[in-house]
Amino acid sequence: MSNLTFGIIKPDAVRAGNHGKIIAKVLANGFKIRGMKLIHQSLKDAEGFYAVHAERPFFGELTEFMSSGPCVVLALEKENAVPAWRELMGATNPAEAAEGTLRKEFATSIGENAVHGSDSDENAAIEIAYFFSKLELV
Ligand code: ADP
Ligand code: MG
């Protein structure tokens, strides 16, 4: 199990001004921030990032949303980082997210759900490399 994962504070959460509160919770939950920047993806960037979901019915909606405004990308370190970050995020659908999770507090719908997290160590490495250069990882 790797100690790194990749996260995004999605455009809905940044638009609502919740990125500071989310970063505070990231730190309070024992994650070390190894990379962090504010970016605004083009539609092509978002399509590349979510290529695994290309066949899903919500792909167009998802990539338009992810390119609709700035988001914060994060490289996060913690023991068992992938499951630890997914636990703090909560369920994809905020209606099913547990109390105390980021999606319970900040997400508004299954599509606009405030945060992204990698689903495996392999994808975490791919996703970190998609957004960060070597110099941007400390
Ligand atoms: P997660 O982000 O929890 O790993 P998925 O990988 O299944 O969830 O989906 C990726 C993203 O696609 C979700 O975070 C959400 O923004 C969007 N999404 C998932 N399911 C739906 C849906 N049924 N309708 C609209 N958007 C969805
Ligand atoms: Mg996923």
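Visitor: Is E99 buried or exposed, and what is its relative accessible area?

Guide: E99 is exposed, with a relative accessible area of 67%; the classes are buried, under 20%, exposed, over 50%, and partly exposed in between, with a 1.4 Å probe and protein chains only. The model is predicted, so local features need pLDDT of at least 70 and side-chain atom pairs pLDDT 80 or more, while totals for chains, interfaces and linings use all residues. Residues are numbered from 1 along each chain as its sequence is written, chains are lettered from A and ligands numbered from 1 in the order written, and side-chain values use heavy atoms, without hydrogens or water.

The position of E99 is in the loop between α5 (81–89) and α6; helices (H or I, at least four residues) and strands (E, at least two) are DSSP runs numbered from the N terminus. Between the C-alpha atoms of E99 and L62 there are 25 Å, and these two residues are 37 apart along the chain.

E99 has a charged partner, K104: the two form a salt bridge in which the closest N and O atoms are 3.9 Å apart. The term denotes a side-chain nitrogen of Lys or Arg within 4 Å of a carboxyl oxygen of Asp or Glu. Side chains of opposite charge can pair when their charged atoms come close. While E99 is exposed, K104 is partly exposed, at 38%.

Over the whole structure, a search finds four salt bridges. One of them joins the side chains of E105 and K25, with 3.3 Å from N to O. This pair connects distant parts of the chain, since E105 belongs to helix α6 (residues 102–106) and K25 to helix α2 (residues 19–28), 80 residues apart. E105 is partly exposed because its relative accessibility is 46%, and K25, at 29%, also counts as partly exposed.

A further salt bridge brings E77 together with R34, at 2.8 Å from N to O. Here too distant parts of the chain are linked: E77 lies in strand β3 (residues 71–77) and R34 in strand β2 (residues 32–39), 43 residues apart. E77 is buried, with a relative accessible area of 19%, whereas R34 is partly exposed, with 28%.

In soluble globular proteins, nonpolar side chains tend to be buried together.

Strand β1 (residues 4–9) is largely enclosed by the rest of the structure, because five of its six residues are buried. Strands pair if DSSP finds at least two bridges between them. Six bridges connect β1 with β3 in an antiparallel arrangement, and T5 has L76 as its bridge partner in β3. Strand β4 (residues 115–117) also runs antiparallel to β1, with three bridges between them; there G7 stands opposite G117.
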